[in-house]
Amino acid sequence: MQIYLPIAELSVNAFLLLGLGGIVGVLSGMFGVGGGFLMTPLLFMIGIPPAVAVATEANQIVASSFSGVLAHLKRKTVDLKMGTVLLVGGLVGAGLGVIVFNYLKAQGQVDLLVKLCYVVFLGVIGGLMFIESLNAIRNTKAGKAPVRKKHNWIHGLPFKMRFRVSGLYISVIPPLLVGVSVGILAAIMGVGGGFIMVPAMIYLLGMPTKVVVGTSLFQIIFVTAFTTLLHATTNFTVDIVLAVLLLVGGVIGAQIGTRIGVKMKAEQLRIWLAVMVLAVCGKLALDLLLMPSELYSIGAASGH
């Protein structure tokens, strides 16, 4: 069943979009990521213009993340205080990211910037997560207890705050910086930023894995909603028809993913996330290196 997307200006199979939304929703519930790191490249592949894909995907992430957070709130695995600190930084970062995005769109460099950002960030984060997860699994099999660092350089920073749900007493500066970086990525790459925030919360802030997923989703909801609003009012690139189809699939998938995630061990969740991150990175890198089938494309002038 073909359906016309007015902002993207093309027809796409509606069931294909529902399926893509469902897959990303499952990832959102399982790993605490918005799923944009996978969905945005998939939208590129089916012909959605990058500017529309980035802005609309941020909208879909809101729904799938909200669905996932409801399930985690019932289990009391959301640190609302930490989520609020991350959120403040995220809103600032989103505003900065949209300014950069608008400038590059005017220069005609959005496509290249988005793809390069994906290759660099996914490659680095995916590689580090994969190595750490393998080591954690080996230690578990060998009977070694995981060592959780109680004190590092973060504990020497000022403006400390107690986060009871996470069992932490640390400075608010690192969570704010993590939030800013994630907000910038949400605006430029159309992602929730969970693929960076989840590792940062576990390894940098020292939060327990069971609390990280729900807290990450809580922050993603508001940052991506704010990003969508900015893109809709400044770029006019949010395709509501595309967003609704992805949204329906995402909400259903998130509930399924949350149930699967509870049954898996933390190490298994992290290694599967790392594998998917590296797979998407590899595909995008190949697309940048290989000669495209069509050397030229027709587009409207002035980036509109």
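Modeller: Helices and strands here are DSSP runs, numbered from the N terminus, and they are read from a predicted model. On that basis, the elements of the protein chain run β-β-α-α-α-α-α-β-β-α-α-α-α-α from the N terminus on, which comes to 10 helices and 4 strands.

Colleague: In which sense do strand E1 and E2 pair, and over how many bridges?

Modeller: Strand E1, residues 2-5, pairs with E2 in the antiparallel sense over 4 bridges, and within that pairing Gln 2 stands opposite Asn 13 in E2. The two strands form a hairpin with 4 residues between them, and in the turn Glu 9 has a positive phi of about 60°.

Colleague: How should I read the nonpolar core, and which residues touch the most other members?

Modeller: The general idea is that, in soluble globular proteins, nonpolar side chains tend to be buried together. In this structure the largest nonpolar core has 39 residues, of which Leu 17, Leu 43, Ile 48 and Leu 122 touch the most other members. Among the elements that each supply at least two residues of this core are strand E2 (10-13), helix H1 (14-31), helix H5 (110-141) and helix H10 (266-289). A second, separate core of 20 residues includes Met 82, Val 178, Leu 205 and Ile 220.

Colleague: Is Thr 215 buried or exposed?

Modeller: Buried means under 20% relative accessible area, and Thr 215 counts as buried because its relative accessibility is 0%. Thr 215 lies in helix H8, residues 209-234, and its contacts, leaving aside neighbours within four places in sequence, are Thr 77, Val 78, Asp 79, Met 82, Gly 83, Leu 86, Met 201 and Met 207. For the protein chain as a whole, buried residues make up 51% of the 304 residues.

Colleague: And where is Ile 240 found, and is Ile 240 buried or exposed?

Modeller: Ile 240 is found in helix H9, and because its relative accessibility is 52%, Ile 240 counts as exposed. Together with Val 244, Leu 247, Val 248, Val 251, Ile 252, Ile 256 and Ile 260, Ile 240 forms a nonpolar patch on the surface, with about 610 Å² of accessible area together. The protein chain exposes about 14,300 Å², and carbon and sulfur atoms supply 70% of that area.

Conventions. Residues are numbered from 1 along each chain as its sequence is written. This is a predicted model: local features need pLDDT of at least 70, side-chain atom pairs count only at pLDDT 80 or more; totals for chains, interfaces and linings use all residues. Side-chain values use heavy atoms; hydrogens and water are left out. Buried means under 20% relative accessible area, exposed over 50%, partly exposed in between (1.4 Å probe, protein chains only). Contact means heavy atoms within 4.5 Å. A nonpolar core is a set of buried Ala, Val, Leu, Ile, Met, Phe, Trp, Tyr and Cys residues joined through side-chain atoms within 4.5 Å. Patches are made of residues with over 30% relative accessible area and no salt bridge: like charges are joined within 9 Å, nonpolar side chains (Val, Leu, Ile, Met, Phe, Trp, Tyr) within 5 Å. Accessible areas come from the Shrake-Rupley method with a 1.4 Å probe; for residues, only the protein chains shown count as cover. A salt bridge is a side-chain nitrogen of Lys or Arg within 4 Å of a carboxyl oxygen of Asp or Glu. Two strands pair if DSSP finds at least two bridges between them.
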